[in-house]
Structure formats: structure tokens, C-alpha cells
Amino acid sequence: MKAVAVDIDGTITDTARKLCPEALKAIRMLESRGIPVILATGNILCYARAASVLIGTSGGIVAENGGVIYADEEVRVLGNIQKALDAYGHLRRLYPVRKVQFSELRVSEVALTREVPEEAIKEALRDFDVEVYDTGFAIHLTDPAVSKGSGLEMVAASMGLDASRIMAIGDRENDIEFLEAAGLKVAVANADPELREVADYVTAAPYGDGVAEAIHKFILKG
């Protein structure tokens with residue numbers, strides 16, 4: 001593997017969004033050996049960019065579930081936010097839905113707080129051109145033309161890599177396309193059953209400890 005791509009929330013962090021020290025150490029070991037790490041998230045780009053700087057990753061970034069990528073010091077908005085806004089307007093007439101904090105910084109999708117069940121939202125939006133993801137932190141209304149997987153492929157291409165040479169690690173259903181795009185697919189122990197089904201390897205440890213486990217097993221070899 002020539003690079004590693006990791007989801008952030010629930011993968012290198014726990015449910016309280018605290019970064020796992022073992023994941024941090026493993027990622028920095030990769031970077032010290034010239035193996036770039038790509039961050040992928042459903043969160044906004046500035047959050048992911050700050051995480052990248054603090055953690056010390058040198059790969060690109062996939063944000064907003066593939067709706068935004070950061071590569072070669074350039075931001076590209078790929079998702080059509082109007083699709084999500086139309087769906088959100090419809091939902092507001094049916095349910096007391098609310099956008100998450102800092103939603104004004106989202107440029108390709110809408111993210112909602114989790115008071116209304118995902119299945120109810122999916123049913124209400126069955127005639128709208130959006131994907132609905134519950135990441136455990138928010139419910140996302142996303143342009144179906146983009147995904148973390150398509151974002152990973154574009155970031156990889158900008159790095160001169162084929163995504164088949166990348167190990168991807170995730171935890172939720174919005175990581176399915178992300179893992180499918182990669183050459184080595186890893187789900188952490190706390191992952192959704194749907195993601196575990198597509199993974200080549202499911203770690204014994206959850207969250208960031210699982211990330212460190214996979215990095216040592218497949219890349220650092222010890």
C-alpha cells in the first residue's frame with residue numbers, strides 16, 4: 001500500500017470525538033516513513049483541515065461525504081448543495097428538523113441533528129435526488145453524484161496514485177463507497193454491520209485503537 005485513508009469521527013476518534021493517542025502515533029509513524037495519510041469525513045473542510053494540521057497528515061482531504069475535496073492546495077466543491085436544500089425545505093414542512101452547528105460553512109450538503117429518525121427522513125425524501133446518511137453524529141443530505149469513494153479516487157489521482165494502492169479505514173455506512181474504492185478495505189470493530197460486510201479485515205479493537213492495529217498489521221508490520 002502506498003497511502004492510507006482514514007475516516008475521522010468514530011474511526012480515529014471515539015464517540016466523544018476525542019482523538020485516540022494510539023491512532024495518532026501510528027499515523028505519525030506512517031508519515032515519518034513517507035507514507036501519506038488522507039483524511040475523509042462527513043464534516044466540513046475547515047474541521048478536517050485543522051485535524052490534518054494538528055495530526056500531521058500530508059495527503060489530501062475528502063470532506064462533506066465527498067462533496068468537497070482538498071488536494072494540491074486547492075479546494076474543489078463537487079456536490080450540488082441545492083439538491084440538499086430542496087430536500088431540507090420539504091422536510092421542514094413535515095418535521096421539526098434542525099441543521100447542525102456551523103452549517104453556514106457547508107457548501108455541498110445539509111447536515112441535520114438526529115432528533116428525527118433516519119428511516120422517517122428517507123421515507124419523506126424518497127422522491128428527492130439526495131442520499132441520506134446517519135453517521136452517528138448527524139444525518140446528512142448529500143448529492144448522490146458524489147461520495148467519499150469518488151472523493152478518494154480524485155484525491156488519489158492528484159497524488160499520482162491509483163486508489164487500489166490505498167488502505168481505507170472507516171466505521172459507518174457512508175464509508176461503504178470509500179472502502180470499495182480502496183485496494184485494502186478495513187472496518188474498525190465498532191463499524192456498522194453493512195460496512196463490516198464489505199471489509200477485507202475487521203479490527204479486533206474499536207475506534208482509533210483499531211486504526212493503529214490495522215496500520216501496524218498491514219503497513220508497519222509490527
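Me: Alanine 3 stands opposite isoleucine 166 in E9. How do you know that E1 and E9 pair, and in which sense?

Reply: Two strands pair if DSSP finds at least two bridges between them. E1 and E9 (residues 166-170) have four bridges, in the parallel sense, so they count as a pair. Bear in mind that this is a predicted model, where local features need pLDDT of at least 70, side-chain atom pairs count only at pLDDT 80 or more, and totals for chains, interfaces and linings use all residues. Residues are numbered from 1 along each chain as its sequence is written, and side-chain values use heavy atoms, with hydrogens and water left out.

Me: What makes E1 a strand?

Reply: Strands are DSSP runs of E with at least two residues, while helices are runs of H or I with at least four, each numbered from the N terminus. E1 covers residues 3-7, so it qualifies.

Me: Why is E1 called mostly covered?

Reply: Buried means under 20% relative accessible area (exposed is over 50%, partly exposed in between; 1.4 Å probe, protein chains only). Five of the five residues in E1 are buried. Ala3, Ala5 and Asp7 point one way, Val4 and Val6 the other.

Me: What joins E1 to E2?

Reply: Four bridges, with E1 and E2 (residues 37-40) running parallel. Valine 4 sits opposite valine 37, and aspartate 7 has alanine 40 as its bridge partner in E2. Between E1 and E2 the chain passes through helix H1 (residues 21-32), a right-handed β-α-β crossover. The name applies because, with the strands pointing away from the viewer, the path from the first strand over the helix to the second runs clockwise.

Me: Which strands are at the edges of the eight-strand sheet?

Reply: The order in this open sheet is E5-E4-E3-E2-E1-E9-E10-E11, with mixed pairing. E5 (74-77) and E11 (201-202) are the edge strands, each pairing on one side only.

Me: What makes a set of residues the largest nonpolar core here?

Reply: A nonpolar core is a set of buried Ala, Val, Leu, Ile, Met, Phe, Trp, Tyr and Cys residues joined through side-chain atoms within 4.5 Å. The largest has 32 residues, and Val6, Ile12 and Leu30 are among those with the most contacts inside it. Helix H8 (residues 207-220) gives the largest share, six residues. A separate core has 20 residues, including Ala40, Ile69, Leu179 and Leu195.

Me: What makes E6 and E7 edge strands?

Reply: The three-strand open sheet runs E6-E8-E7, with antiparallel pairing. E6 and E7 (131-134) each have a single partner strand, so one side of each is left without a neighbour in the sheet. The twist averages 20 degrees from one strand to the next. Helix H3 (residues 81-92) packs on this sheet, touching E6 and E8, and makes about 40 degrees with E6. Axes here are lines fitted to C-alpha atoms, for helices over the stretch in contact, with angles from 0 to 180 degrees between N-to-C directions.

Definitions and conventions:
Contact means heavy atoms within 4.5 Å.
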